[in-house]
Amino acid sequence: MEYRPLDTAKNEIRLLKILPPKSRSLVNQPRDMIHCILEHVSLDDYSEEYKSNSINRGTSWPENFVEACAREGITPPFDEGKAGTCPPFSSVYVSLVALSSLHGWHRWKWGDYFALSYCWGDFEDSRQIIVNGHEVRVTKNLHDFLETIYSHTLGATSSCGIWIDAICINQNNIVEKNEQVKRMAAIYYQAFTTLAWLGLESNDSNMALAKLHSIGNRDGSYMADSGNILEGLTLEEEPWDAVRALLDRPYWNRLWVIQEIALSNLRLTIVCGNYAMKWSSFTNAVGALLSIYRTVDLENPGGRSVIANSLRPTDLMHIVDLSIQHMQTRLIPLRGTENIRSGLFDAVRQAQQTDPKDKIYGILSLLPPKVGSEINPNYSLPVKEVYIDFMKACISGTLSLEILRESKGCQVRRLANWPSWLPDFQDEVKRNFDFHNVVPYHASRYSEMDIRFDDSNCLHVRGVVIDAVDGLGFDFQSFLVTLSSLKVEECDIDDDFAFKDGRHLVQPTQSLGLNPYQDEEGLRTAFWHTLVAGQSAAGDLSLNNCAAVLDIPIISFGRNTMSVQCFHFEGFRAHNRHLKVGGRQFEDFFPLVETSGEPSSHKLVQDIMYRVSVLMAGRKFLITGNGYLGLAPNTSKKGDIIAVLFGCTTPMVLRPIADKRYEVVGEAYVHGFMEGKAMDDLANGCFQAEMLDLC
């Protein structure tokens, strides 16, 4: 099929419409194929009624939708699902189409449109459809969706089209593809709704959706108390395997889904087979299940084990990340922020893509305007050049070096001699210290960055070298990797892990006997601050209660008696027990009396364990040469330096490779230096600013 060029001056897009049988031209064409037409429409061609209407153009679901439905005799979408089961997709789709066609809601002269979010699927497994009289091959997953829609379009041709990237973009035209990638923000943002197609029914997906619908429509949000979530659930008999299969579908790991979900409005709809569910209810349910992993009481250990073994917290957390991006679009105007979205790169790391360039191009619309506008998609460029352009745009667009915190250079340099200051978006476990991003750190105290790029791809930055790595704790990521291969009831730290003798630790040597925190109480305070990276579980600096982390007794592990977060926390603590910290052992900071049960079921303790577990993934406990305590990347080595770079909110671990030339290892937490001490010491003459070459 030949594509007619889009008229960019008219802000044109293409829309697909499925033809009912009576509207088809069936000359020399199979009757059993899906027949469609592909139309050009202008997103600037608003109807007069809509232009004069006070309704916000598709960015929210106005309250008077309910009134409009009642006036026009339309069943509101999802109304049939209130009784506890998901409504049929047919009723939801018909209602959405009817709403988009209401007088005054008909936004364009030509009608309205939905956007499709889906996983392309295997190109080798394809089917044929008819588009504008020509046979076109599409993947089976897309064909399944079109068949589902077709079954609801038998009555008449709708004025509502569907935007589907595989068909509505000429995928063989690189110039058009590059241009349309930059327009996807507007396309999804303006769509009447986005349909998130998970695929056909399989593995009891209907039961999974029904269960999620039941949980997600309870009173309260996903931050509700876990006891309320568990109430009424017969844990062993619930369809948790079906829920896991639904959350493990390829759709969730597709990179473009991040942008598509984030930019969709509040009518975003999950569709699986013949049933549909509101996105808000879906994410409420997923968040509620995630909170179960923070429970530490033993009222129902067996039931919790059923959930823990059926559901993966990484699957749940990824969907919560997507929900956070969706909420930020509603709260932050697309053109009204200069900062990179909280949690954006966490979602990117979990995502998969066919072309590695899409790790950048797939999130352009979610970047600050001054960053995104500097990046022009060009799929003919080498991957390395795409990442270099991305980093330069982030640094110049934000006027800061915050993006360096995403770098994990010792791993990146293995990729075809890349500069170590490029980000590593393949590291799925990394989360920044301030992953809630409520209150940022201020290690360089708003200092103005001083940088220069050279032709050899070195980044020259000004900063202050404050210390060096002396001692390092257990590589908790290795523990998690081992743990992930086992079921919870199979795990027993005393039997399954042989790291307790201390041989895996890098003991400090230069800092022995040093205590920069003045006294024992100061050292103790620095210790528990370091465990939570100086922030509470809510992401703020109200930390007094977090001292409770030192009151959690050492736990004697038994099989099938631990919540997942407690298991992670105790694994981290047990494997660091012999690390020398300020002249004593790591384990000496905690109560000596062992218990055979878990700590009391208190939300504060749950939150502390959760934060420590997340922070320690990919990091090690750190002791510097001057005795400061902190957290460092798990690739850190003894002798690496720690520097505060002007324009970066956290210290960075750097590895010397030549005179004033360094590799980036990653961000660090150093207690005492997170709120500007380096800048004070610089002003007092204790430190000297210097140019550091990052290669």
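Q: Which residues of β1 point one way, and which the other way?
A: Glu-12, Arg-14, Leu-16 and Ile-18 point one way, while Ile-13, Leu-15 and Lys-17 point the other way. All of them are buried. Keep in mind as we go that this is a predicted model.

Q: Okay, and why is β1 described as largely enclosed by the rest of the structure?
A: Buried here means under 20% relative accessible area. Seven of the seven residues of strand β1, residues 12-18, are buried, so the strand is largely enclosed by the rest of the structure.

Q: Which strand is β1 joined to, and how many bridges are there?
A: That would be strand β2, residues 35-42, with seven bridges joining the two. The strands run antiparallel.

Q: Nice, a cysteine! How many disulfides does a search of the whole structure find?
A: Zero disulfides turn up in the whole structure. Take Cys-168: the nearest cysteine sulfur belongs to Cys-36 and is 9.9 Å away. A disulfide needs sulfur atoms within 2.5 Å, and Cys-168 is in no disulfide.

Q: Is Cys-168 buried or exposed? And Cys-546, buried or exposed?
A: Cys-168 has 1% relative accessibility, so it counts as buried. Cys-546 is at 4%, so it counts as buried too.

Q: Changing topic: how many salt bridges are there?
A: The count comes to 23 salt bridges. One of them is between Lys-109 and Asp-45, where the closest N and O atoms are 3.6 Å apart. That pair links distant parts of the chain, 64 residues apart. Lys-109 is in the loop between α3 and β3, and Asp-45 is in the loop between β2 and α1.

Q: How accessible are Lys-109 and Asp-45?
A: Lys-109 is exposed, with a relative accessible area of 55%. Asp-45 counts as partly exposed, at 28%.

Q: What about Arg-445 and Asp-680, how do their side chains meet?
A: They meet in a salt bridge, 2.6 Å from N to O. The two are 235 residues apart, with Arg-445 in the loop between α18 and β10 and Asp-680 in helix α24. Arg-445 counts as partly exposed at 36% relative accessibility, and Asp-680 is partly exposed at 33%.

Q: Now Glu-587 and Arg-577: are they buried or exposed?
A: Both are buried. Glu-587 forms a salt bridge with Arg-577, with the closest N and O atoms 3.1 Å apart. They are ten residues apart, Glu-587 in the loop between β13 and α23 and Arg-577 in the loop between α22 and β12.

Q: Which residues are linked in a network of salt bridges?
A: Glu-402, Arg-405, Arg-619 and Glu-667 are linked that way.

Q: Last topic: what span should helix α21 have?
A: At 1.5 Å a residue, its twelve residues, 520-531, should span 16 Å. The end C-alpha atoms are 17 Å apart, which agrees.

Q: Which residues in α21 are buried?
A: They are Gly-522, Leu-523, Ala-526, Phe-527, Trp-528, His-529, Thr-530 and Leu-531.

Q: And what's at the start of α21, and just after it?
A: At the start, a side-chain oxygen of Asp-519 reaches to within 3.3 Å of the backbone nitrogen of Glu-521. Just after α21, Ala-533 takes a positive phi of about 55°.

Technical notes
Residues numbered from 1 in each chain as written. Predicted model: local features only at pLDDT ≥ 70, side-chain atom pairs only at ≥ 80, totals over all residues. Heavy atoms only, no water. Buried < 20%, exposed > 50% of the residue type's maximum accessible area, 1.4 Å probe, protein only. Helix = DSSP H or I, 4+ residues; strand = E, 2+ residues; numbered from the N terminus. Pairing = 2+ DSSP bridges. Salt bridge = Lys/Arg side-chain N within 4 Å of Asp/Glu carboxyl O. Expected span 1.5 Å × (residues − 1). Polar contact = N/O pair within 3.5 Å; in protein donor to acceptor, adjacent residues only side chain to side chain.
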